[in-house]
Amino acid sequence: MVTAPAAPTALVRFADAGDLYVTWRWTHALDSPGVTVIPRAQVTDAMAALTAARPGAPDGHLAAYATELGLAARLARTLVPYGLALNLHQYLQRGVRPLLRIQPAPSIARVPWELLALDSDPEIRLLEVADVSALAPASVVHAPARVRRPWSAGRELPLVAVLDPRVPGFGAGSRLGSVLGPVDPGAPLVRRLAEHARAGRLRLPVPGEATSLFRRADTDRDWLSAALRAGASRLLYTGHVTAADPAAGSSEDARLHLSCPATLPGHAPALRGHRPLAAKDLLLDPARWPMPGRVALIACESGGDPRFADALGLTSATLHAGAELVTATRWPLPTDHALALAGADPAARPLQEAIRAIDTAHESEDPVRALAGWQRERLTAWRRERTIEHAPLLWGAFTTTTG
């Protein structure tokens with residue numbers, strides 16, 4: 001193998017064209033690409049197994065260690081080309097952890113790449129061999145109108161946080177109700193936000209009270225526009241996203257649910273007394289919502305763009321509006337309440353811990369590597385405890401797209 005730098009990077013692209021085509025290139029050896037074809041029948045069977053696992057459902061196969069490991073091994077056997085697996089094994093033997101930037105095809109958009117169990121040793125997962133991020137489409141990255149805002153240039157600016165906003169017309173227990181439930185003032189997530197506030201990195205509605213950021217009723221699209229245009233280092237959103245339907249073919253219909261009443265204008269239809277903020281709104285008016293360099297969209301299926309041939313959902317719209325890195329989710333997220341009903345320790349707060357971990361990763365020099373480190377910690381706990389609060393139902397859903 002060609003001598004590579006300390007942190008080699010591979011660009012892995014999949015394409016649906018009858019069968020599934022795969023290419024991979026190491027950036028230090030662009031003249032030596034790898035190419036292979038995976039028969040469609042194998043892909044269909046593997047994805048049927050993933051669908052049957054029902055990501056996001058506490059009683060699915062991702063909730064039990066043995067069935068999750070079996071699924072991870074099956075996906076790896078189908079989707080990781082032998083040549084690429086050999087490269088990764090060689091790096092592992094040398095103690096080098098490369099970066100894989102993966103651009104999935106629509107048919108495999110929900111694959112949790114980090115969890116894949118390698119054939120050489122099923123107990124070794126891809127996230128232990130490599131750091132993984134998603135590769136944004138070239139049409140988004142190189143769009144003429146895109147204005148990129150590097151985090152390094154605005155890292156000292158405040159964090160804009162939208163945490164479990166109240167959606168007009170929907171009570172706390174409804175389908176667009178609270179995702180976090182009651183927030184303990186002493187919770188690690190609240191303490192983390194309070195640290196930002198003390199450092200002057202977070203504007204609080206009520207001075208000194210980080211809990212005032214949760215379940216607000218005034219975080220609508222106008223508020224978000226003003227907060228972003230005032231200057232921001234990052235955006236942290238936790239709440240509801242309505243994923244666009246792939247069968248309809250309109251990825252730009254993905255919607256973010258803020259505290260917007262139906263009276264505010266927008267491209268999404270009103271829902272009861274509420275009008276969501278659609279990806280189409282961000283795409284058509286990026287100057288109104290200028291995104292900072294790093295964005296976290298912690299909501300059900302917020303990273304649904306890869307399911308479409310024309311990936312113009314919330315992740316792409318956020319990148320188009322200025323972000324250089326977006327962390328989102330592949331499937332519906334279980335709430336802490338749902339996990340408790342499924343048998344988790346009632347005192348555990350896995351979703352809040354995930355939000356804190358992503359916030360911490362986005363403050364680091366290398367968010368992809370930092371988030372991968374947290375996921376490796378979660379994998380260790382999953383192997384040791386094998387209980388629902390440690391299952392990859394939650395932590396396996398996150399993917400970071402860079403562009």
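Cys 300 is partly exposed, at a relative accessible area of 28%, whereas Cys 260 is buried at 0%. Here buried means under 20% relative accessible area, exposed over 50% and partly exposed in between, using a 1.4 Å probe and protein chains only. The search of the whole structure turns up zero disulfides, a disulfide being a pair of cysteine sulfur atoms within 2.5 Å. For Cys 300, the nearest cysteine sulfur is that of Cys 260, 18 Å away.

A word on the ground rules: this is a predicted model, in which local features need pLDDT of at least 70, side-chain atom pairs count only at pLDDT 80 or more, and totals for chains, interfaces and linings use all residues. Residues are numbered from 1 along each chain as its sequence is written, and side-chain values use heavy atoms, with hydrogens and water left out.

On to the nonpolar interior. In soluble globular proteins, nonpolar side chains tend to be buried together. A nonpolar core is taken as a set of buried Ala, Val, Leu, Ile, Met, Phe, Trp, Tyr and Cys residues joined through side-chain atoms within 4.5 Å. The largest such core holds 84 residues, and Phe 14, Ile 108, Trp 113, Leu 193, Phe 214 and Ile 298 have the most contacts inside it. Helix α2 (residues 65-79) is the top contributor to this core, giving eight residues. Helices are DSSP runs of H or I with at least four residues, and strands are runs of E with at least two, numbered from the N terminus. Another core, of 34 residues, lies apart from the largest one and includes Leu 228, Leu 282, Ala 323 and Val 326.

Next comes helix α13. Its 19 residues reach 27 Å from first C-alpha to last, close to the 27 Å expected at 1.5 Å a residue; the expected span is 1.5 Å times one less than the number of residues. Among the buried residues of α13 are Pro 367, Leu 371, Trp 374, Leu 379 and Trp 382. Ala 370 also belongs to α13, but this alanine is partly exposed, with a relative accessible area of 30%. Beyond its neighbours within four places in sequence, Ala 370 is in contact with Ala 361 and Ser 364.

Just past α13, Arg 386 takes a positive phi of about 55°. Most residues other than glycine have a negative phi. Arg 386 sits in the loop between α13 and α14 and is partly exposed at 47% relative accessibility. The charged end of Arg 386 also sits over the ring of Tyr 65, 3.9 Å from its centre. To count, NZ of Lys or CZ of Arg must be within 6 Å of the ring centre and within 35 degrees of the ring normal. Arg 294 does likewise with Trp 151, its charged end lying 3.7 Å from the ring centre.

That loop between α13 (367-385) and α14 (392-395) also carries His 390, which is buried at 15%. Elsewhere, Arg 215 has a positive phi near 55°, in the loop between α7 (188-198) and α8 (221-229), and counts as buried at 14%.

Terms used
Contact means heavy atoms within 4.5 Å.
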